[in-house]
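Good morning, and thank you for coming.

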Amino acid sequence: MQKIYLSDAGPKVSPAVYSFHRWQEDATTTAASMEKIVNLCLELGINTFDHADVYGSYHAEELFGQVISQKSFKREDIVLFTKCGLRLPHPSQPEVRVKHYDTSRQHILRNVEESLRKLKTDYLDIFLLYHLDPISNLEETAITLRQLKESGKVKNIGVANFSVFQHQLLAAYLNIPIVTNHIELNLLNTQALDNGQIDYIKQRYMRPLASGPLADGRIANGTDEVAVRVRQKLQEIGQKYNVDMESIAVAWVIKLGALPLLGTRDEQRLRNAVNAFNIDLEHQDWYELYAISRGEI
């Protein structure tokens, strides 16, 4: 995969990003299983990896750090994202009683240091705020983000799951660029097309990061009415292009200029997703899928 700029001010990344958001804390989640996926991604041309402090029940970053320690690839050959702001109850977080957001200076600084330690790296290519805390001191948050960038510990700033107004609000306090917005986008959730998120991201000369391009497996296995009718149309169009329907679903996202965040641990499904970059989805095929997803035909 040829590397592309994430924004006019952002770093070069692979056109697809591998995200660990679906990894859970269980017997199959080990440094060895993560290294296998990372090496597969690198083989497929994906060198950009998305983390958050909460992924894998607060354990995924540490496992990735163990993979980095194996030195099967160079740190400078990969692009690392991580984020904080979402806080979830977990035995390792006894102070957290309820799901909430925290983008305070203290929490950001503590989490950046913790992420650097767990990931065994000196810097983060992109640090994202994971949702916006509506009761935070935004001026303090903005100053903290700027200082982290100036320190070199964070190369770029991004956001995740921000509405257009939240994105504009934080940008008004920052004097450094926000290089992306990590949003949910797939054929079963086209809200970002309707609420202005996609338009605003493009207006700011950024590429959106599309989380869940396969709707976390619902496109392939969902039994609800919308999933069934979208799947049927994807299968029909997949036959036309002689590819798997999941390749078509990812190609639909790519056509919007978005970077799909892939989270499957299944090798074939990951290969199907990457194959989407070989598909030039016809204009009317894209619109037919969009109409089917909205129940308009």
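First, some notes on the source. This is a predicted model, in which local features need pLDDT of at least 70 and side-chain atom pairs count only at pLDDT 80 or more, while totals for chains, interfaces and linings use all residues. Residues are numbered from 1 along each chain as its sequence is written, and side-chain values use heavy atoms, with hydrogens and water left out.

Let us begin with the core. A nonpolar core is a set of buried Ala, Val, Leu, Ile, Met, Phe, Trp, Tyr and Cys residues joined through side-chain atoms within 4.5 Å. Buried means under 20% relative accessible area, with exposed over 50% and partly exposed in between, for a 1.4 Å probe and protein chains only. The largest nonpolar core contains 87 residues, and F20, F64 and W252 have the most contacts inside it. A contact means heavy atoms within 4.5 Å. Setting aside residues up to four places away in sequence, F20 touches M34, V38, F49, D50, H51, Y55, A60 and F64. There is also a second, separate core of eleven residues, with V79, L209, L259 and L261 among them.

I turn now to individual residues. Helices (H or I, at least four residues) and strands (E, at least two) are DSSP runs, numbered from the N terminus. S19 belongs to strand β3, residues 17-19. Is S19 buried or exposed? S19 counts as buried because its relative accessibility is 0%. Its side chain and that of H21 are joined by a polar contact of 3.0 Å. By polar contact I mean a pair of N or O atoms within 3.5 Å; within protein, one must be able to donate a hydrogen and the other to accept it, and residues adjacent in sequence count only if both atoms are side-chain atoms. Beyond residues up to four places away in sequence, S19 touches D50, Y55, L261, L262 and G263.

Strand β5, residues 79-84, holds F81, and K83 lies in strand β5 as well. F81 counts as buried, since its relative accessibility is 0%. F81 and T48 stand 33 residues apart in sequence, and their C-alpha atoms are 7.7 Å apart in space. K83 is buried because its relative accessible area is 1%. Which side chain makes a polar contact of 2.6 Å with that of K83? The partner is D50. The side chain of K83 also makes a polar contact with that of Y55, at 3.2 Å. Rolling a probe the size of a water molecule over the atoms shows where empty space is left. On a 1 Å grid over the protein atoms alone, a cavity is a set of points where a 1.4 Å probe fits but cannot get out, and a pocket is an open set with protein on both sides within 12 Å along at least five of seven lines; lining residues have an atom within 4 Å of a point. Grid points are joined across faces, edges and corners, and a volume is the space filled by probe spheres set on the points.

The largest pocket holds about 530 Å³ of space. Its lining has 30 residues, and Y130, N161, H182, E184 and S211 are the closest to its centre. At least two lining residues come from each of α2 (55-58), α6 (164-173), β10 (178-184) and α7 (191-194).

How many cavities of 30 Å³ or more does a search of the whole structure find? The search finds one. The volume of the largest cavity is about 100 Å³. Of its 13 lining residues, R22, L214, L262, G263 and T264 lie nearest the centre. Two or more residues of this lining come from each of β12 (259-262) and α12 (267-275).

Finally, the helices. In α12, the buried residues are R269, L270, N272, A273 and V274. These pack against β3, α1 (31-44), α9 (218-221), α11 (245-254) and β12. At the start of α12, a side-chain oxygen of D266 comes to within 3.1 Å of the backbone nitrogen of Q268.

Helix α13, residues 283-293, has D285, W286, L289, Y290, A291, I292 and S293 buried. The elements that cover these residues include α7, α10 (225-241) and α11. After α13 comes G295, with a positive phi near 75°. Thank you for your attention.
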